[in-house]
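Open the model in your viewer and keep the sequence panel beside it. We will start with the whole chain, then stop at one place after another.

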Amino acid sequence: YDLHVRVNPTDSSISVYNAITYRVLQPAREMQIDLQVPMVVDSMVQDGAKLTARRDSNAFFVRLVAPQPVGSTKKISVYYHGKPIVAVRPPWDGGFVWATDSLGRRWIVTANEGLGASVWWPNKDIYSDEPDSQRIAITVPNELIDVSNGRLRGTGLEAQFLDVTVVDGTPPPTEYWKTYEWFVRNPINNYDVAVNAGHYAHISDFYDGERGKLTLDFYPLDYHIDTARKQFQQVKPMLQCFESWFGPFPWYEDGYKLVETPHLGMEHQSAIAYGNHYKMGYLGRDRSSTGHGLLWDFIIIHESAHEWFGNSITMKDAADMWIHESFATYAEGLYTECTQGKKAGAEYTIGQRKLIRNDEPIVGVYGVNHEGSGDMYDKGANMLLTIRQLVNDDTRWRSILRGLGKTFWHQTVTGKQIEDYISSQSGLDLSKVFDQYLLTTKVPILEYKLNGSRLSYRWNNVVPGFAMPVRVTTAPGRLTWLRPTERWKTARVRLSRPEDFHVDQNFYVAAKDLLRPAPDSSATVRTGR
């Protein structure tokens, strides 16, 4: 993609063109290009000839006149204009944000994961089809600085005579515009492409990482520069932690940036949107209610984790968005572990269980751009914490996470590919574990009966064939593995009191004592809460 956009804050409009260079994979006479209403296509051009297109809602089907031989490289330039949808609740819904900073100055950004990139620029708006590189040339009024993805190649100043009536031979007034030309050298998700135009200051630094020196560039609003300089010191320990767990930062060629925005944040590749108001936690709150989450900035940690899971490893279908959000949320616990210890990291993830609704499955409906439940965040993170217990070897677990980054580097993938990779590298058949946590809303229940030293146990509320091992207390201060199935099994324990029996809280399961119902008669207790 070669995207050129002129942003006019006077009437909240944008215009110009996107040149799409593509390789022909199969013969066709039509090509789909997406651009959402109310944006308007002025023309489409290929090989100097204007093309015709039929519009079907938010998609254009372009009639290709020139031959399209398989393996050839072709280009279509799409000229367009309009007033893009305004994001009402960014970043959760998509569009442009026409805001002002606290001094009343213009502040214009984009956030469009929910609606897709075609809400403001023409492209093939599907997760599985990423450009291998992209120019992003953004023209804004001269007083603004635009920060987009990748590296800044250059800037250009232009003057434009205003179309106003003049008298007495006075020269017409002039308006000055500036174009910021950014370039992304790597594949990029369409929804990650961003405009960030404001009165920014610039802080630059370096991080000595696994692949050499990584440039760090921070763009706070100019009056926040001192606060940002202090808050963004968390970036280096975050990078050190995540590189140790996930492998090298995926975008050394394009750099790492944090850009202040009027909305909370988004994982815009190599230009992460930051709007946490320089607070610790999530806008000053700890989502885990453990206190651990108040010792770091949620947006810096969570959105940066998406550079590995979401941006480098990208879902092919929105139904598999857990690949993005489960791993990024689990990364919060890993960062807590890096900075506060393994116990604290686990406690943080376990603390998020209170946010799980179990209202619908994590995996959505395939083929119709349908995300699953919001439980993909906290339930997905606890699924990964549980799988870590099953692997039962932190060295191997680290190698699995790093192996994901290496094996699927800069690729679009299916959930099945991720599941199969973790199973194969762990040496465990985790298919039923993934099915349980991703495809159902049921929490596995370990039902048990304790008569003296005889423990009877089985799994209930599980998918057929579920036989996940679990650690439980079989003696004071001692955890032992059980291998329950849906059929009753027995084991010997040495517990003086039935209430001394517990399931290891690192497993996201429930336990139910069938002989001693709880006072509310539900008899079900979630471990770790």
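Colour by secondary structure: the protein has 9 helices and 29 strands. Here helices (H or I, at least four residues) and strands (E, at least two) are DSSP runs, numbered from the N terminus. The radius of gyration is 26 Å, close to the 24 Å that the globule rule gives for 529 residues, so the protein is as compact as a globular protein of that length. That radius is taken over C-alpha atoms, and the globule rule is 2.2 Å times the number of residues to the power 0.38.

This is a predicted model: local features need pLDDT of at least 70, side-chain atom pairs count only at pLDDT 80 or more, and totals for chains, interfaces and linings use all residues. Residues are numbered from 1 along each chain as its sequence is written, and side-chain values use heavy atoms, with hydrogens and water left out.

Zoom out. Along its principal axes, the C-alpha trace spans about 105 × 55 × 45 Å. Buried residues make up 56% of the 529 residues. Buried means under 20% relative accessible area, exposed over 50%, partly exposed in between (1.4 Å probe, protein chains only).

**Stop 1: helix 8**

Select residues 415–426. Does the length of this helix agree with its residue count, or disagree? At 1.5 Å a residue, its 12 residues should span 16 Å, and the end C-alpha atoms are 17 Å apart, which agrees. The expected span is 1.5 Å times one less than the number of residues.

Now show side chains. Gly415, Ile418, Glu419, Tyr421, Ile422, Ser423 and Ser426 are buried in helix 8. An α-helix has 3.6 residues a turn, so residues three or four places apart point the same way. What covers the buried residues of helix 8? The cover includes helix 4 (322–340), helix 6 (378–391), helix 7 (394–407) and helix 9 (431–439), along with strand 21 (313–315) and strand 22 (411–413). Step just past helix 8 to Gly427, where phi is positive, at about 75°.

**Stop 2: Asn392**

Go to the loop between helix 6 and helix 7 and pick Asn392. Its phi is near 60°, a positive value in a residue other than glycine. Asn392 is partly exposed, with a relative accessible area of 49%.

**Stop 3: Arg287**

Find Arg287 in the loop between strand 20 (272–274) and helix 3 (298–305). Arg287 is partly exposed, at 22% relative accessible area. Leaving aside neighbours within four places in sequence, the contacts of Arg287 include Glu332, Leu355 and Asp378. Contact means heavy atoms within 4.5 Å.

**Stop 4: Val140**

Select strand 11 (residues 134–141) and find Val140. Buried or exposed? Val140 counts as buried, at 1% relative accessibility. Beyond its neighbours within four places in sequence, Val140 is in contact with Val7, Trp177, Lys178, Tyr180 and Ala197.

**Stop 5: two cis bonds**

Select Val37 and Pro38: the peptide bond from Val37 to Pro38 is cis, with omega near 15°. Pro38 lies in the loop between strand 3 (30–34) and strand 4 (40–46). Then move to Pro90 and Pro91, joined by a cis peptide bond with omega about 5°. Pro91 sits in the loop between strand 8 (73–82) and strand 9 (95–100).
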